[in-house]
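Please find below a short note on the model under review. The points follow the display of the sequence and structure.

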Amino acid sequence: VPIVLVDKAQVTDVLVRLPLGAAISGTIHDAFGQPAAAVAAGVVQRKVQNGEVIMVPVAGGTIFTDDRGRYRVHGLVPGEYVVSAMPTTNLVAGAKRLTDQEVDDVLAGRMTPAPPGPTPPLRSAPTYFPGTTRVAEAGGVLVAVGEDRTNVDFRLEPATMTSIEGTVSTADGSPLPPRTSVMLQTV
């Protein structure tokens, strides 16, 4: 509502109501079911623009989980969000979490640790709530004004990582101009 003031006029008792921001929180677990500490957890807002679904970055939308694997993103406007997690450490295929007793036995020399196998390392791919590596299968989390959505928990999904190499050129084989971007998208 516009407020029109004439010269030297004063308006008092203007009340501006600020809506409470929403929050999304939960626990992220590693592939062994244990709380995953120091994992980059993030949210992006899912919107429909011109009939196409787009992901809009959120200011302050990426944080790290604490030592209990917990995260909380707050100050969100009402809408639908996609929650993701990206670990900062790698997992090894076939790795087994040792019990406290097994660690004690190895340190005391009562047990020899198994040699590492030839299995390639697994790296956790970005995992999306409710526990998928495919963004198209990510579940949306709806929040209303001031809503505090808790228990948005999920488990990191390990995946064998690969790389793609190639040359991008024009139809006649000429190189592309400098600063040309190449983007990959999963389907």
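Are Phe 129 and Phe 154 both buried or both exposed?

1. Both Phe 129 and Phe 154 are buried, a class that requires under 20% relative accessible area, with exposed set at over 50% and partly exposed in between (1.4 Å probe, protein chains only). The model is predicted: local features need pLDDT of at least 70 and side-chain atom pairs pLDDT 80 or more, while totals for chains, interfaces and linings use all residues. Numbering starts from 1 along each chain as its sequence is written, and side-chain values rest on heavy atoms, with hydrogens and water left out.

2. The model contains 1 aromatic pair (ring centres of Phe, Tyr or Trp, the last by its six-membered ring, within 6.5 Å; planes under 30 degrees apart are stacked, over 60 edge-to-face, the rest tilted). Phe 129 and Phe 154 form this edge-to-face pair, at 6.0 Å centre to centre and 70 degrees between the planes. The pair links distant parts of the chain, 25 residues apart: Phe 129 lies in the loop between strand S8 (127-128) and strand S9 (140-143), and Phe 154 in strand S11 (residues 154-155). Strands are DSSP runs of E, at least two residues, numbered from the N terminus.

3. Ser 25 belongs to strand S1 and is buried, at a relative accessible area of 4%. Leaving aside residues up to four places away in sequence, Ser 25 touches Arg 70, Tyr 71, Arg 72, Asp 148, Arg 149, Thr 150, Asn 151 and Val 152 (contact: heavy atoms within 4.5 Å).

4. Leu 5 is found in the segment before strand S1 (22-29). Leu 5 is partly exposed, with a relative accessible area of 49%.

Conventions:
Helices (H or I, at least four residues) and strands (E, at least two) are DSSP runs, numbered from the N terminus.
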